[in-house]
Amino acid sequence: MSPLTRVQRFQGCFPDAPAFRFRQAEAALFQPGATGWGSVSVFPKAMRDSMEAKIPWMSVALHRMAESKDKETFKAVLSTEDNLLFETVLMGNAREQWTVCVSSQVGCAMRCVFCATGAMGLKRSLSSDEIVDQLRFWQSFLRASPALEARISNIVFMGMGEPLANVSSVKRAIRTWVDHTDIGPTHITVSTVGVLPVMDQLLEDKGWPPVRIAISLHSADQAEREKIVPSTVPHFLDKLADWCRRYRQILGNRRHHLTFEYTLISGVNDSGEQAETLARFIERCGKPKLNVIPLNIVAGKPFTASEQERIDRFKQVMLRQGIDVMQRRTMGQDIHAACGQLVASE
Ligand code: SAH
């Protein structure tokens, strides 16, 4: 069970307060100078006092911080009220601003064979506050570091956990950021292993913000995907192609917001033939963008990264078919902050 959220505690303290009161409280969390409820002058003193006593200003605390040698990546191990550890990452991006990579769960139940988080299993899902506060943590970190560029422009759900296995908290957190910061939904990406029933719900959900969606594909062959992504359901690829078709129908103007992620693992999914199969599948799905990720090594796993030459050949196959392919820059490997390396060990 996750700890009670701020909104639940607020309602517990002030059951008769009108809804705008909690929105004021939430807005205060993002005020640059504010350090606690005591300084939030829109509330009468008595109310501030009970908030100070009952509602945490910050739901997470810093346990340990690491900084990459090139100073472009920071990783924070955070602790929850019930003393669980999880990780969040701050990365310099191509626009010379920052991207925050957030976790949605402590651990993960999906057990993708090449991912460190998968190996630890699922401890619990994070609450919306614990997701929201990962951004607030980095905002205050940057405010306290005047030598660093201040602006966070993007948020990606690519830390620990499967966001669509915790979709109500993820949605609430996104709405909070969109309401109270200048980060718009198209600068937020939710990366999913492909939880089809939840993806179906999103197509119908008018309250789901127009964020970008990235689907971790890793193989365009059903039997091969089942081996490396064990959460793969029967006929996953056919169902995914159908989902992409419906996504285009319903959200045609957002077609470009769909990306496939493909982690390249030497000798597993990086052959010319597999590239051709992938290109055909992408075509069938209405040509979403493709992000290839060179595998980051995880201790104790028998996988290695593909050579750059092989990655280049793989990308060539995509380019020949007119597929928009990007290679993800690997960052923070020296502090185990790269994709698939998050485990929150002591
Ligand atoms: N559960 C979500 C978020 C995972 S992390 C998802 O599956 O999409 C974001 C990306 O990193 C995913 O595409 C994931 O498959 C990939 N990844 C996991 N382990 C990796 C590794 N060792 N090297 C490179 N990418 C990895």
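**Salt bridges and the domain interface in a predicted model**

Aspartate 312 pairs with lysine 315 in a salt bridge, with 3.9 Å between the closest N and O atoms. A salt bridge here is a side-chain nitrogen of Lys or Arg within 4 Å of a carboxyl oxygen of Asp or Glu. The two residues stand three apart in helix H11 (residues 308-320), a separation of about one helical turn. Helices (H or I, at least four residues) and strands (E, at least two) are DSSP runs, numbered from the N terminus. Aspartate 312 is partly exposed, at 34% relative accessible area. Lysine 315 is buried, at 17%. Buried means under 20% relative accessible area, exposed means over 50%, and partly exposed lies in between (1.4 Å probe, protein chains only).

The model is predicted: local features need pLDDT of at least 70 and side-chain atom pairs count only at pLDDT 80 or more, while totals for chains, interfaces and linings use all residues. Residues are numbered from 1 along each chain as its sequence is written, and side-chain values use heavy atoms, with hydrogens and water left out.

The protein divides into domain 1 (6-54) and domain 2 (60-335). These bounds come from an automatic or database domain assignment. Ten residues of domain 1 and 14 residues of domain 2 take part in the contact. Contact means heavy atoms within 4.5 Å. Over C-alpha atoms, the centres of the two domains are 33 Å apart.

Domain 1 and domain 2 bury about 1100 Å² between them. Of this area, 43% is on carbon and sulfur atoms. Buried area is the accessible area (1.4 Å probe) that two parts lose on being put together, summed over both. Arg6, Glu26 and Phe30 supply 58% of the area that domain 1 buries against domain 2.

Five salt bridges are counted between domain 1 and domain 2. Seven residue pairs are in polar contact across the interface, both residues at pLDDT 80 or more. A polar contact is a pair of N or O atoms within 3.5 Å; within protein, one must be able to donate a hydrogen and the other to accept it, and residues adjacent in sequence count only if both atoms are side-chain atoms. On the side of domain 1 that touches domain 2, the elements giving two or more residues are helix H1 (6-13) and helix H2 (19-29). H2 gives the largest share, five residues. By class, that side has six nonpolar, no polar and four charged residues. Ala, Val, Leu, Ile, Met, Phe, Trp, Tyr, Cys and Pro count as nonpolar, Asp, Glu, Lys and Arg as charged, and the others, Gly among them, as polar.

The structure as a whole holds 23 salt bridges. In one of them, the side chains of aspartate 133 and arginine 6 meet at 2.9 Å, N to O. Aspartate 133 lies in helix H5 (residues 128-143) and arginine 6 in helix H1, so the pair ties together parts that are 127 residues apart in sequence. Both partners are shielded: aspartate 133 is buried at 0% relative accessibility, and arginine 6 is buried at 3%. Salt bridges that share partners join Arg6, Asp129, Asp133 and Arg136 into one network.

Another salt bridge links aspartate 82 and arginine 124, at 2.7 Å, N to O. Aspartate 82 sits in the loop between strand S2 (73-80) and strand S3 (85-92), and arginine 124 in strand S6 (residues 122-125), so this pair ties together parts 42 residues apart in sequence. Aspartate 82 is partly exposed, at 35% relative accessibility. Arginine 124 is buried, at 7%.

Strand S2 also contains valine 77. This residue is buried, at 1% relative accessibility. Not counting residues up to four places away in sequence, valine 77 touches Ala61, Leu62, His63, Arg64, Leu85, Phe86 and Glu87. The C-alpha atoms of valine 77 and leucine 342 are separated by 9.5 Å, although the residues are 265 apart along the chain.

Lysine 71 has phi near 60 degrees, a positive value in a residue other than glycine. Lysine 71 lies in the loop between strand S1 (60-67) and S2, and is exposed, at 55% relative accessible area. Histidine 235 likewise has a positive phi, near 60 degrees. Its place is the loop between helix H8 (222-228) and helix H9 (236-250). Histidine 235 is exposed, at 52% relative accessibility.
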